[in-house]
Amino acid sequence: MQILYWLLIALMLVGVIGSVVPAIPGSSLILIAIIIWGIVSSSFAAIKIPLIITVIVLLLSMAVDFLAGYLGAKQAGASKWGQIGAFVGLLVGFFGLLPALPFGGPLLGMLIGPLLGAIIGEYIYQRDLGKAVKAGIGITVGTLVGNLLQGLLAVGAVIVFIWTTWPQVYGG
């Protein structure tokens, strides 16, 4: 039972990473691990609080993701073109399709890709490089702040799970 418990915590840690890194499921992995623990331990009463907290975290994460990108773009005066460019840049960066990046791989690509994509998208729309750079930085900063908040929410959900289930596994 303890081995499974630690495997589920490891899955949750992957979920924490996924809440910060796009393209990896985040809070949903934490939720799945909690449900598996409930099934295995035959005690949904024991996971009620972590389950509720994680569902709230999942909903808050979606809201934070949307709001952070939107507010960052709005503060910088970005258009939909910049937001679309940032998304395309994220995909291109994540899959390592930025040939100018000989090091850093997907993680660095996920930082540089959205910035370059937003700048290109805004430049296509506004034809003003200064505004395009400002919008690109705004979108990127908003996204990074949103990812950080999502990571903190996910860490909180894992802590609640461990706090409420530890006595079940190790007594006390």
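User: Which residues does the UniProt annotation "transmembrane region" cover?

Analyst: This model is predicted. The annotation comes from an unreviewed UniProt entry. Under "transmembrane region" the entry lists residues 7-40, 46-72, 84-101, 107-125 and 137-163.

User: How far apart are the end C-alpha atoms of residues 137-163, and what is the helix content of the span?

Analyst: Strand makes up 0% of residues 137-163. The end C-alpha atoms of the span lie 39 Å apart, and its helix content is 100%.

User: How many helices and strands does the protein chain have?

Analyst: From the N terminus on, the elements run α-α-α-α-α-α. The count comes to 6 helices and 0 strands.

User: What share of the 172 residues in the protein chain is buried?

Analyst: A residue is buried if its relative accessible area is under 20%. Of the 172 residues, the buried share is 37%.

User: What part of the contacts with a separation of 6 or more joins residues 24 or more positions apart?

Analyst: Contact here means heavy atoms within 4.5 Å. Among contacts in the protein chain with a separation of 6 or more, residues 24 or more positions apart account for 67%.

User: Are helix 2 and helix 6 roughly parallel or roughly antiparallel?

Analyst: Helix 2 spans residues 27-40 and helix 6 spans residues 129-170. They pack at an angle of about 15°, with axes 11 Å apart. Angles under 35 degrees count as roughly parallel. Therefore helix 2 and helix 6 are roughly parallel.

User: Is the crossing of helix 2 and helix 6 left-handed or right-handed?

Analyst: The two helices pack with their axes 11 Å apart. Their crossing is left-handed.

User: Which residues in helix 2 meet helix 6, and how do the residues of this contact divide?

Analyst: On the helix 6 side, the residues are A154, A157, V158, F161, T165, Q168 and V169. Helix 2 brings I30, I34 and W37. The residues of this contact divide into 8 nonpolar, 2 polar and no charged.

User: Where is R127 found, and is R127 buried or exposed?

Analyst: R127 is found in the loop between helix 5 (105-126) and helix 6. Its relative accessibility is 59%. Exposed means over 50%, so R127 counts as exposed.

User: What is phi of R127?

Analyst: Most residues other than glycine have a negative phi. R127 is not glycine, yet its phi is positive. The value is near 60°.

User: Is I112 exposed, partly exposed or buried?

Analyst: I112 is found in helix 5. Its relative accessible area is 25%. Buried means under 20% and exposed over 50%, so I112 is partly exposed.

User: What distance separates the C-alpha atoms of I112 and V92?

Analyst: I112 and V92 are 20 residues apart along the chain. Their C-alpha atoms are separated by 9.8 Å.

Conventions
Residues numbered from 1 in each chain as written. Predicted model: local features only at pLDDT ≥ 70, side-chain atom pairs only at ≥ 80, totals over all residues. Heavy atoms only, no water. Axes fitted to C-alpha atoms, helices over the stretch in contact; angles between N-to-C directions. Helix = DSSP H or I, 4+ residues; strand = E, 2+ residues; numbered from the N terminus. Parallel < 35°, antiparallel > 145°, perpendicular 65-115°, else oblique. Left-handed = near helix turned anticlockwise from the far one by under 90°. Nonpolar A, V, L, I, M, F, W, Y, C, P; charged D, E, K, R; others polar. UniProt positions renumbered as here; feature names shortened; annotations may be inferred. Buried < 20%, exposed > 50% of the residue type's maximum accessible area, 1.4 Å probe, protein only.
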